[in-house]
Amino acid sequence: MRDIVIAGAGMAGLHAAEALREAGFDGRITLIGDEPRRPYSRPPLSKEFLTGKGAPATLDLRQDAEFDALALEWRLGRAAVRLRPAERAVDLDDGTSVRADGVVIATGSRARRPDTRLAGVHVLRTAEDAEALRAGFAEHERIVVVGAGFVGAEVAASARAAGLAVTLVEAAPTPLTRVVDPRVGGVFTELHRDNKVDLRLGVGVAGFEGDDRVRRVRLADGTAIDAPLVVAGLGALPNTEWLAGSGVALAGGAGGVLCDAYCATSVPGVYAAGDLANWPHPRYGGRIRLEHWTNAGEQAAVAARNLLAGEGTRQAFTPVPYFWSDQYGMKVQLLGQAAPADTVEVVHGSPEDRKFVAFLGREGMLVGVLGLRSTPKVMRYRRLLAEPTTWADALAEVSGPA
Ligand code: FAD
């Protein structure tokens, strides 16, 4: 194999390139990215980068010299538009093609956009999005955040830190429903309200109103909220459209790229990693797809090594999923899975004190560990999720203050 193409210059793309070089691959690696910059870190975009408390350097994943040492063919500001496995080629949007004996698909996901063209309605996925939103923070005194998933909840916290009046609208009964079990999720409701966020739960958005720019958000219950600035945190969609006709099997809907346990797609020599990869995880009873920063790096390294490895020497990807979010100076962390869980038990601290660790169980097995302001304790239980652990055995491992 002489030419490897990595499509997508994000967290997964960078880690794939590094893993290829670490494994001794000295052929040509072309990294195609449709953003103008080298890979950067997205988590600060909704946190310190948005409040202006971190210099732009906080987005850096690597120093220039570290990027240069990888000796990559950079194709930045260019999108991959087609994969032609039979011709061993990836086509770019400038009409050129790159030879590809092997491919790592790492085109990640994009923000789901609300159905409006009004100015002042933002999404947050890229550094450019964050810069535009930060300018909005400086210009306006109030903001409506639609969706209290982790991006929306973090934007609400950052907007409060920047001094804006914030209304946060969420159709679910508690914030962060995808990562925090609703049985302990009430703490996040209180957290927003204590920080003077006008939190509207259990109500969806009917539409955005205005002339050239947004003036109001209309809720499904008929209420109108004045809104010179809006951020929609409506989740993400995997960037898989460019794979149409390539033979790479997709999961359908917004399910991403179908991979096997080794991160291989349905096309030989084509692997996938990061936000768009959908693969079978033996401990979670089926396929999973994670939109988590740590996963993107870990999965890309395994995908890249497997691309180089021969049959029989490939490594199955069976991580302990890890996710964190920072809001109002507090860190929430999830190891494993949040849902579905049939059992939730707080094993340290209490949600009322805003400091706790909870175990999440399904069918008698431990499936997740959730913590707020409890990093060392959460991490101590990671090993319980690295192998199948019964609920009873997990509880027997609990030590330290209850
Ligand atoms: P991406 O980061 O999406 O990178 C893919 C790249 O490919 C992008 O640059 C994209 O523009 C590009 N691309 C797309 N299509 C093409 C194409 N056809 N050709 C070429 N290039 C293309 N996770 C956490 O665990 N904790 C957090 O606190 C956290 N905070 C976050 C905050 C924000 C605001 C956002 C947006 C995400 C956050 N995440 C967090 C999620 C984390 O950043 C993602 O899981 C991670 O970036 C995924 O990496 P990736 O490389 O798979 O995809």
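Student: What percentage of the 402 residues in the chain is made up of buried residues?
Tutor: The model is a predicted one, and buried residues account for 45% of the 402 residues in its chain.

Student: Why is Ser246 called buried?
Tutor: The criterion is 20 or more other C-beta atoms within 10 Å. Ser246 has 21 C-beta neighbours inside 10 Å, and therefore counts as buried.

Student: Where does Ser246 lie, and which residues does Ser246 touch?
Tutor: Ser246 is placed in the loop between strand 17 (236–238) and strand 18 (257–258). Leaving aside residues up to four places away in sequence, Ser246 touches Leu83, Pro85 and Val267. The C-alpha atoms of Ser246 and Leu76, which are 170 residues apart along the chain, are separated by 22 Å.

Student: How many helices and strands does the chain have, and what makes the chain as compact as a globular protein of that length?
Tutor: The chain has ten helices and 26 strands. Along the principal axes, the C-alpha atoms fill a box of roughly 60 × 55 × 40 Å. Of the contacts between residues at least 6 apart in sequence, 59% join residues at least 24 apart.

Student: How do you know that the length of helix 7 agrees with its number of residues?
Tutor: Helix 7 (residues 293–308) has 16 residues, which at 1.5 Å a residue should span 22 Å; the end C-alpha atoms are 24 Å apart, which agrees.

Student: Which residues come nearest to the ligand, and which elements give two or more residues to the shell?
Tutor: Of the 36 residues around the ligand, Gly8, Gly10, Ala12, Gly108 and Gly274 come nearest. Two or more shell residues are given by each of helix 1 (11–22), strand 2 (28–33), helix 7 and strand 22 (322–327). By residue class, the shell holds 17 nonpolar, 13 polar and six charged residues.

Student: What does UniProt list for residues 322–391?
Tutor: The unreviewed UniProt entry lists them as "domain: Reductase C-terminal". Over residues 322–391 the chain is 16% helix and 53% strand, with the end C-alpha atoms 20 Å apart.

Technical notes. Residues are numbered from 1 along each chain as its sequence is written. This is a predicted model: local features need pLDDT of at least 70, side-chain atom pairs count only at pLDDT 80 or more; totals for chains, interfaces and linings use all residues. UniProt positions are given in the numbering used here, feature names are shortened, and annotations may be inferred rather than shown by experiment. Helices (H or I, at least four residues) and strands (E, at least two) are DSSP runs, numbered from the N terminus. The expected span of a helix is 1.5 Å times one less than its number of residues. A residue is buried if 20 or more other C-beta atoms lie within 10 Å of its own, exposed if 12 or fewer, and partly exposed in between; C-beta atoms are placed from the backbone. Two residues are in contact if their C-beta atoms, placed from the backbone, lie within 7 Å. A residue is near a molecule or strand if its C-beta atom, placed from the backbone, lies within 6 Å of it. Ala, Val, Leu, Ile, Met, Phe, Trp, Tyr, Cys and Pro count as nonpolar, Asp, Glu, Lys and Arg as charged, and the others, Gly among them, as polar.
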